[in-house]
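Reader: I have a model open and want to learn how to read it. Where do we start?

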Amino acid sequence: MRLILYSKPGCHLCEGLQEKLEQIQNLSFELEVRDITTREDWFATYEYEVPVLYLSNRQGAKDAEEKPLPRPSPRANVQQLEQMLRKYLAN
């Protein structure tokens, strides 16, 4: 499975979430960070929403299905974030 994090430079919430995701060791997933400032469509969609987290089944470039995940609380610790993700990775 793959997690996609829409982020932008200087976003402290984005950086915090990315750091916590990178610390998770008991779940197997690939993390892709997408900088919304690199594409106009991403910027227009997520300018005021970042960080935004998606789950991708990544079967293929054309077949990949991306499902938005609820935004975790910035106060959630690594274990709480892992518990939340476990629910969605199991589905």
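Author: Start with strand β1, residues 2–7, in this predicted model. Buried means under 20% relative accessible area. By that cut-off 6 of the 6 residues of β1 are buried, so the strand is largely enclosed by the rest of the structure.

Reader: Which residues of β1 lie on each side?

Author: R2, I4 and Y6 are on one side, and L3, L5 and S7 are on the other. Both faces are covered.

Reader: Which way do β1 and β2 run, parallel or antiparallel?

Author: Parallel, with 6 bridges joining β1 to β2 (residues 30–35). S7 stands opposite D35 in β2. Together β1, α1 and β2 make a right-handed β-α-β unit.

Reader: And how many bridges join β1 to β3?

Author: There are 5, and these two strands run antiparallel. Y6 has V52 as its bridge partner in β3.

Reader: Now a charged side chain. What does K20 reach?

Author: K20 is in helix α1, residues 12–23. Its side chain reaches the backbone oxygen of P74 at 2.8 Å. K20 is buried yet has no salt bridge. A salt bridge needs the charged atoms within 4 Å. Beyond its sequence neighbours up to four places away, K20 touches P74, R75, A76, V78 and L81.

Reader: Is E65 buried or exposed?

Author: Exposed, because its relative accessibility is 52% and the cut-off is over 50%. E65 is in the loop between β3 (52–56) and β4 (66–68). Leaving aside neighbours within four places in sequence, E65 is in contact with L55, S56 and N57.

Technical notes:
Residues are numbered from 1 along each chain as its sequence is written. This is a predicted model: local features need pLDDT of at least 70, side-chain atom pairs count only at pLDDT 80 or more; totals for chains, interfaces and linings use all residues. Side-chain values use heavy atoms; hydrogens and water are left out. Helices (H or I, at least four residues) and strands (E, at least two) are DSSP runs, numbered from the N terminus. Buried means under 20% relative accessible area, exposed over 50%, partly exposed in between (1.4 Å probe, protein chains only). Contact means heavy atoms within 4.5 Å. Lys and Arg count as positive and Asp and Glu as negative; His and the chain ends are not counted. A salt bridge is a side-chain nitrogen of Lys or Arg within 4 Å of a carboxyl oxygen of Asp or Glu. A polar contact is a pair of N or O atoms within 3.5 Å; within protein, one must be able to donate a hydrogen and the other to accept it, and residues adjacent in sequence count only if both atoms are side-chain atoms. Two strands pair if DSSP finds at least two bridges between them. A crossover is right-handed if, with the strands pointing away from the viewer, the path from the first strand over the helix to the second runs clockwise.
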